[in-house]
Amino acid sequence: MSTPQVSRRNFLRTAGLGSAGLFLGLYLPDAAMAMVMSEEEALAADVYTELTAWILIKPSGQITLVSHRAEMGQGVYHSIAQIIAEELEVDLASVDIQFAQGNEKKYGSQLTGGSSTIRGAYKNLLKLSASARQVLIMAAAAKWSVPVTECYAASGHVIHKPSNKKFHYGELVVDAAKLQAPKDVALKPRSAYKLIGKPLHRKDTPLKTNGQAIFGIDKRIPGMVFAAVERNPRLRGKIKSFDDTEARKVPGVTNVIKIAMGVYDMEREGVAVIATSTWAALQGKKALKIEWDDSGFEHVNTPEIYRKQREVLKTEEGRLLKTQGDPNAVIARSKDIVDVVYETPYQSHATMEPLNCIGHHRGDTVEIWGPVQAPNWIQDYISKKMGIAFDKVIVNMTFLGGGFGRKALMDYPHEALVISKAIGLPVQVIWAREDDITQGPFRPGISYRCQGVIENNEVSAIKFRMAGQNNDHFRSGDNGKANRSTSEGWLKPYFETIKNISFADVPFQTPIPTMFWRSVYASTNGFAYESFVNELAHKAGKDPLEFRRNYLKEERAAKLIDKIEEVSGWKNKGKNKGFGIAITECFGTTVAQVVKVSKKKGEKLKIDQVWAVVDCGWYVNPDIIHAQIDGAIVMGLGAATIHEITFKDGLVEQRNFYDYKMPRLTDIPPIEIHIMENDSDAGGIGEPGLPPFAPALTEAIFDLTGKRIRKLPFDMASI
């Protein structure tokens, strides 16, 4: 299997490729606009014809499909191809896949985040691929001088039914590229799918196991040097002075320079060590002696952060995001209020591949290569920051060894370009694990005040307030509005059955840089909100699953509850076991999880089993769904029970995996996953499996021990 990087000169470009039309999946290039070689010239050269922005075909019949989004483990490299291959009628095993360059005009948004790739593009990709198939059929019919209705496509060929004659797509693509596709092409019903919905083996797995896959950290270009940067350990501040004498003595070190880099409100200074190898650059960095100016901002401490959050939750109402009814009036008149605070920690993204990027500043053009989640964001930021035309900012994607939101930021590509500009060479900047853990940005630590009233064993009011940093502020500042993600993770059907409910954001800022983290605010909201639902169920004297059934009466939610009840054996829980449930929604997908725990005398608490039921609507590959839910649960386990980022005198206290530990294989319980089948629109899958785990786990612990856990992380061994 190969993944060729097709150069601009290695395929035929059609002039006037209708970017909007292509992205909408409605049209293919028009004959009047096409500027192509003759069929004979193309065949002799065996170059690609760009039939659409996602489909490249050689006269020899070789097909390359384009992945316009980043692959960081979540499976879109394969899934996009699986969608295209279905309607294009090609064998997935025989196609190549390549990453697109950053090009918003051709591909629309290329931000890989919010579990948006499949749910945002699948309809257009289906239409686009069906249109491509249809013009290939039209081209074959014209060659044979037969009606189009007598022809069909299968396995990369167009076949004439009466005569059984066939052409492979390569023999048709030059002519097909000159045709205009019909505006309305019939799509297959799901019942006719040969590829979609099937657990096909991922195309990137062999590449990642045999060493062929090129991650950012593997990428090399001619003339490249390496750099490591020492940045302020307090995350902000300037350089007073530095001594690079010892650094320059390290074999391989060629230069040491002061730089200013960063993004938005995270501008900072640093010292870059340039060398002939990564090792030399890192050793030279260790030898630097720097005096920092840390004045002008607070040197935060973790206990103080949460003390201040609790204080503002006591005294401030915050900014309303959503409200219905009058929960304040109900709470004011009630003498029996459930009023509790939940706390969630700062977290590092801790991707297995640390940050890295190659940058080459050529004057009026810049180019980067690396593991990036947001090519268009980078183009926009670099264009404005460095005064370079947008279309002269070239972004080349590689595989990512994890992203989780961190690699959507533009600071590390900007840093590489700043250094490249200063030294006049292409440079790869490598972040050591210690840089990655200590420099952030981090998932914000958040506290929640949750108030509720139970009257006549029913919920009469719920009031949520959230105090934590707003990730939107790093780009746009404080607009005076509530954090738009304050209610993220909360199930919408609750609004239909709970008359009085509100969500408010209590603004809270620190000098700590924060950023999106897997499932964004749902990862913390889910713990607070679903834990509170469990507490209200207990207050009402009701089973937490049945309690939810009473309030989640929408059809899909009801079926989800029935399924999780069935597969988990909820009705037959037995004694000496703790069962906990939580249900959250984010990015168009609802996930219910049940966790079972037990504890034998003299032994530690054990997670016996996790059941997950996923309603993501239309989906591509069940194996990828299973892998993503598995991974999300493991990540949720780590965030709930093992690791957190803490601060002392403005310094991050953790540095590497020895003190920011990951779950080990022995920590992982058996996980059983079920997918709901329906024809609803596709939801995301990379992130929604994470939020329900922590509240389901803590409820299971309460069910077994009677102990409520409202602060994460907690030590399983102490239960």
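This is a predicted model: local features need pLDDT of at least 70, side-chain atom pairs count only at pLDDT 80 or more; totals for chains, interfaces and linings use all residues.
View 1. Strand 9 (residues 225-231) has 6 of its 7 residues buried, so it is largely enclosed by the rest of the structure. Strand 12 (residues 268-275) is joined to strand 9 by 6 bridges, and the two run antiparallel. Phe226 takes part in both pairings: it stands opposite Ala275 in strand 12, and its bridge partner in strand 19 is Gln428.

View 2. Strand 14 and strand 22 (residues 501-507) run antiparallel and are joined by 5 bridges; Arg319 has Asp505 of strand 22 as its bridge partner.

**View 3. Surroundings of Trp490 in the largest nonpolar core.** This core holds 180 residues, and Trp490 is one of the four that touch the most other members, together with Leu51, Ile419 and Trp618. Helix 5 (residues 117-144) supplies the largest share of the core, 14 residues. Another core, of 18 residues, lies apart from it and includes Tyr306, Ile437, Phe508 and Phe647. Trp490 itself sits in the loop between helix 15 (473-476) and helix 16 (494-497). Its relative accessibility is 4%, so Trp490 counts as buried, the cut-off being under 20%. Leaving aside neighbours within four places in sequence, the contacts of Trp490 are Ile462, Phe464, Phe495, Ile501, Phe503, Tyr529, Val533 and Glu585. Cys586 is 96 residues away from Trp490 along the chain, yet their C-alpha atoms are separated by 8.1 Å.

**View 4. Packing of helix 17 against helix 21.** The axes of helix 17 (residues 522-539) and helix 21 (residues 693-705) are 8 Å apart, at an angle of about 35 degrees. The crossing is right-handed. Helix 17 contributes Gly526, Phe527, Glu530, Ser531, Asn534 and His538 to the contact, and helix 21 contributes Ala694, Pro695, Thr698, Glu699 and Phe702. By class, the contact residues are 4 nonpolar, 5 polar and 2 charged.

**View 5. Two cis peptide bonds, at Pro441 and at Pro713.** Most peptide bonds are trans. The bond joining Gly440 and Pro441 is cis, with omega of about -5 degrees. Pro441 is placed in the loop between helix 14 (433-439) and strand 20. The bond from Leu712 to Pro713 is also cis, with omega near -5 degrees, and Pro713 lies in the segment after helix 21.

**View 6. Positive phi at Ser145 and at Asn456.** Most residues other than glycine have a negative phi. Ser145 has a positive phi of about 60 degrees and is located in the loop between helix 5 and strand 6 (151-154). With a relative accessible area of 66%, Ser145 is exposed. For Asn456, phi is positive at about 55 degrees. Asn456 lies in the loop between strand 20 and strand 21 and is exposed, with a relative accessible area of 76%.

Notes: Residues are numbered from 1 along each chain as its sequence is written. Side-chain values use heavy atoms; hydrogens and water are left out. A nonpolar core is a set of buried Ala, Val, Leu, Ile, Met, Phe, Trp, Tyr and Cys residues joined through side-chain atoms within 4.5 Å. Buried means under 20% relative accessible area, exposed over 50%, partly exposed in between (1.4 Å probe, protein chains only). Helices (H or I, at least four residues) and strands (E, at least two) are DSSP runs, numbered from the N terminus. Contact means heavy atoms within 4.5 Å. Two strands pair if DSSP finds at least two bridges between them. Axes are lines fitted to C-alpha atoms, for helices over the stretch in contact, and angles run from 0 to 180 degrees between N-to-C directions. A crossing is left-handed if the near helix is turned anticlockwise from the far one by less than a right angle, and right-handed if clockwise. Ala, Val, Leu, Ile, Met, Phe, Trp, Tyr, Cys and Pro count as nonpolar, Asp, Glu, Lys and Arg as charged, and the others, Gly among them, as polar.
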